[in-house]
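I opened my notebook for a friendly walk through this fold. Here is what I looked up, entry by entry.

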Amino acid sequence: MNQNTRVKNHQWDSALDPEIAPLFLALQWAHRRSLEVIRPVLNAHKLSSAEFDVLATLRNAPVPHELTPSQLQDEVVITSGGLTKIMLQLEEKGLIQRLQYREDMRIKPLRLTLAGTQKIEVAMQEMIDATRAWVSTALVPQETARLLELLNKLGDKQD
C-alpha cells in the first residue's frame, strides 16, 4: 500500500488538519518502514534498538568512548529507568564497562569495551548499508539531501 492510499484510508485525520495530519502519518509510516529495514541488522547482532542507540552514542563520544550516565541520558531517547536496564544488559554482554573515579566515587562513567566497539562499528556499517539500499530505491541523491536537511530542521530543538 503506498502513501496516498494510506492517507485516503485515514480521511478523518486529514480533516483535522489537511497539511499536518498527512505529514504526521507520512512520518509515522516512514519511521515504521525504517524500523523494518534495520530490524534484521539488530537481530543479527542480538541488540535491541535501545542497546544499539547506547552503543552508538558511546562510540560517538571522544576516545576512550566514555560518558557518565547523565551525559548518556541527555543523548539518547530512553527513560533513566530504561537506561539503567540497558546499561546492565550491555555490561552483562561485555560490551560496556562501568568505571568509578577514585577522586569522586559518585561519578561512574560507562565505557565501550573492545568487544562493544567492534560490535557497534560492524552493526553501524550494516545499518548504513541497509538504509542506503532502502532509501536509494525511493529517492535520488538530491531528494535524499533535501530530506536530510528538512528532517534536521524538524529535529532541531527549539529553545
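**Entry: the loop between α4 and β1**
I began with H65, which I found in the loop between α4 and β1. This is a predicted model, so I kept that in mind throughout. The phi of H65 is near 55°, a positive value in a residue other than glycine. Is H65 buried or exposed? H65 counts as buried because its relative accessibility is 12%, and the cut-off for buried is under 20%.

I then checked P64, which also has its place in the loop between α4 and β1. A cis peptide bond joins V63 and P64, and I read an omega of about 20° there. I noted both features since most residues other than glycine have a negative phi, and most peptide bonds are trans.

**Entry: another positive phi**
Next I went to K46, in the loop between α3 and α4. K46 is not a glycine, yet its phi is positive, about 55°. I looked up its cover too: K46 counts as exposed because its relative accessibility is 66%, and exposed means over 50%.

**Entry: the sheet**
I turned to the strands. In what order do the three strands of the open sheet come? I wrote down β1-β3-β2, with antiparallel pairing. The edge strands are β1 (66-67) and β2 (96-98), and each of them pairs on one side only. Helix α4, residues 49-60, packs on this sheet and touches β1, β2 and β3. I noted an angle of about 85° between the direction of α4 and that of β3.

For the pairing of β2 with β3 (residues 110-112), I found three bridges in the antiparallel sense. I96 stands opposite L112 in β3.

I followed the chain to T68, in the loop between β1 and α5 (69-75). T68 is buried because its relative accessible area is 19%, and the cut-off is under 20%. Which residues does T68 touch, leaving out those up to four places away in sequence? I found I107 and P109.

**Entry: a nonpolar patch**
Last, I looked at the surface. I20, L23, L27, L147, L151 and L154 form a nonpolar patch there, with about 510 Å² of accessible area together. The elements giving two or more residues to the patch are α3 (20-44) and α8 (141-155). I picked out L27, which sits in helix α3. L27 counts as partly exposed because its relative accessibility is 35%, and that class runs between the 20% and 50% cut-offs.

Technical notes
Residues numbered from 1 in each chain as written. Predicted model: local features only at pLDDT ≥ 70, side-chain atom pairs only at ≥ 80, totals over all residues. Heavy atoms only, no water. Pairing = 2+ DSSP bridges. Helix = DSSP H or I, 4+ residues; strand = E, 2+ residues; numbered from the N terminus. Contact = heavy atoms within 4.5 Å. Axes fitted to C-alpha atoms, helices over the stretch in contact; angles between N-to-C directions. Buried < 20%, exposed > 50% of the residue type's maximum accessible area, 1.4 Å probe, protein only. Patch = residues over 30% accessible without salt bridge, like charges linked within 9 Å, V, L, I, M, F, W, Y side chains within 5 Å. Areas by Shrake-Rupley, 256 points an atom, 1.4 Å probe, with all protein chains shown as cover. Salt bridge = Lys/Arg side-chain N within 4 Å of Asp/Glu carboxyl O.
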